[in-house]
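Work through these exercises with the model open beside you. Try each task before you read its solution.

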Amino acid sequence: MANFSATLNGTVNPNGAITAVHFEYGTTTNYGSSTATQNYQGSTTQNVTANVRGLTAAATYHFRIVASNSGGTTYGTDRSFTTPAARAVVADFNDDTHPDLVIQNATTHQTVVGYLNNNVVIGAAFGPTLPAGWRLAGAADFDGDGHTDYALFNPATGQTMIAYLSGLTVIGAAYGPPVPLGWELVTAKDFNGDAYPDYVLYKVGTGETVIAYLNNIVVVGAGYGPTLPPGWNLIDVADFDSDGHPDYALFNSGTGQTVIGYLSGSTVIGAAFGPTIPLTWPLVATADVDGDGKPDYVLYNPVSGQTAIGYLVNNILVNAALGPTLPAGWSLVVTP
């Protein structure tokens, strides 16, 4: 299962008759979509799979298998899955004060940094290839050498790792603190003003968040952040109200609404709706793209590979522009 696609699995026993099989799927038990029909025959139980694409990130889908032959039509039991939230990594890798896009190849796990000046690509270079099973969760300067590093997360084991970079060259690596199973590493940002990035953790099942305060890779403290309402996902962290404290950027993939949760440390001190965005263009990151000192929205259309920037002043949309279109086979968001 990935952010925008999934493989549906089931079984069928044709009982000696040629049997037409497909899956019904959708965000409710009314389904609404179907996969292509596959024909099976024989008298044994056989596995059936179908790939579905164009799904919405961070959404729950229902599906069931349907088999028809001369004996009638049989419907399988309803099953469900939830697609992961779509998050991208945007950070300054060439020290020009402009945030850059990290894109990934889902097949090879290769990364490329697209250097930006506002919404325009001015260059690109290959970054490290990620180990299989690991996701790029964030980018920040963990060792204080002035260079942005990769923060990696293995959702199957809960392990984290920092790949120390000079430019885009790996000069070292070390395991970071493990994340409890059931939690995910969302990003790494400085919450306590000590110039070291901290881990922001999120538990999908409960909506809980935790800030793990770090000194390089060592945990020096931790505390609960706000619990998110059902239906909302934590996408990124940035200082939207310019008070010196990072805030939560939330996205509801069912409605397209966004919300800024204003924080002081890990405490909520207010909230406001941000712009509502098209469902086919999920919010995947926040960054000050135009250099006005205010974080902006980074949107991504996974079907076309197009990116877009929503320029904000606090929670107000003041302008928008298309960003680069990604090459085929590359994505802003990749699930291991």
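**Exercise 1. A strand with several partners**

Which residue of β8 does T60 stand opposite? Then trace the other pairings of β6.

Solution. T60 stands opposite T82 in β8. Before going on, note the ground rules. This is a predicted model, in which local features need pLDDT of at least 70 and side-chain atom pairs count only at pLDDT 80 or more, while totals for chains, interfaces and linings use all residues. Residues are numbered from 1 along each chain as its sequence is written, and side-chain values use heavy atoms, with hydrogens and water left out.

Step 1. Strands (E, at least two residues) are DSSP runs, numbered from the N terminus. Two strands pair if DSSP finds at least two bridges between them.

Step 2. Take β8. β6 and β8 run antiparallel and are joined by 4 bridges.

Step 3. Take β7 (residues 72–75). It pairs with β6 in the antiparallel sense, over 4 bridges. A67 has T74 in β7 as its bridge partner. The two strands form a hairpin with 2 residues between them.

Step 4. Take β2. Its antiparallel pairing with β6 covers 7 bridges. Here A20 has S68 in β6 as its bridge partner.

Step 5. Keep one general point in mind while you look at side chains. In a regular strand they alternate between the two faces of the sheet.

**Exercise 2. Salt bridges**

How many salt bridges does the structure hold? Find each one and say what it ties together.

Solution. The structure holds 3 salt bridges. The criterion is a side-chain nitrogen of Lys or Arg within 4 Å of a carboxyl oxygen of Asp or Glu. For burial, buried means under 20% relative accessible area, exposed over 50%, and partly exposed in between (1.4 Å probe, protein chains only).

Step 1. Start with R64 and E24. Their closest N and O atoms are 2.7 Å apart. R64 lies in strand β6 (residues 60–69) and E24 in strand β2 (residues 19–26), so the pair ties together parts that are 40 residues apart in sequence. R64 is partly exposed, at 22% relative accessible area. E24 counts as buried, at 17%.

Step 2. Go to R87 and E184. Their side chains meet at 2.8 Å, N to O.

Step 3. Finish with K189 and D236. The N to O value is 3.0 Å. K189 belongs to strand β17 and D236 to strand β21, so parts 47 residues apart in sequence are tied together. K189 is partly exposed, with 23% relative accessibility. D236 is buried, with a relative accessible area of 6%.

**Exercise 3. An open sheet**

In what order do the strands of the open sheet containing β25 run? Check how the neighbours pair.

Solution. The order is β25-β26-β27-β28, 4 strands with antiparallel pairing.

Step 1. Find the edges. They are β25 and β28 (316–325), and each pairs on one side only.

Step 2. Read the twist. It averages 25 degrees from one strand to the next. Axes are lines fitted to C-alpha atoms, and angles run from 0 to 180 degrees between N-to-C directions.

Step 3. Check β25 with β26. They pair over 4 bridges, antiparallel. A287 stands opposite D296 in β26.

Step 4. Check β26 with β27 (residues 306–313). This antiparallel pairing has 5 bridges. Y300 has T307 in β27 as its bridge partner.

Step 5. Look at cover. In β25 (residues 283–287), 5 of 5 residues are buried.

**Exercise 4. Aromatic rings**

How are the rings of F240 and Y297 arranged, stacked or edge-to-face?

Solution. Step 1. Set the rule. Rings of Phe, Tyr and Trp (its six-membered ring) pair if their centres lie within 6.5 Å; planes under 30 degrees apart count as stacked, over 60 as edge-to-face and the rest as tilted. The count comes to 8 aromatic pairs.

Step 1. Apply it. F240 and Y297 are edge-to-face, 6.4 Å centre to centre with 80 degrees between the planes.

Step 2. F240 lies in the loop between β21 (233–238) and β22 (247–251) and Y297 in strand β26 (residues 296–301), so the pair ties together parts 57 residues apart in sequence. Both residues, F240 and Y297, are buried.

Step 3. Find a cluster. F23, Y61, F63 and F81 form one.
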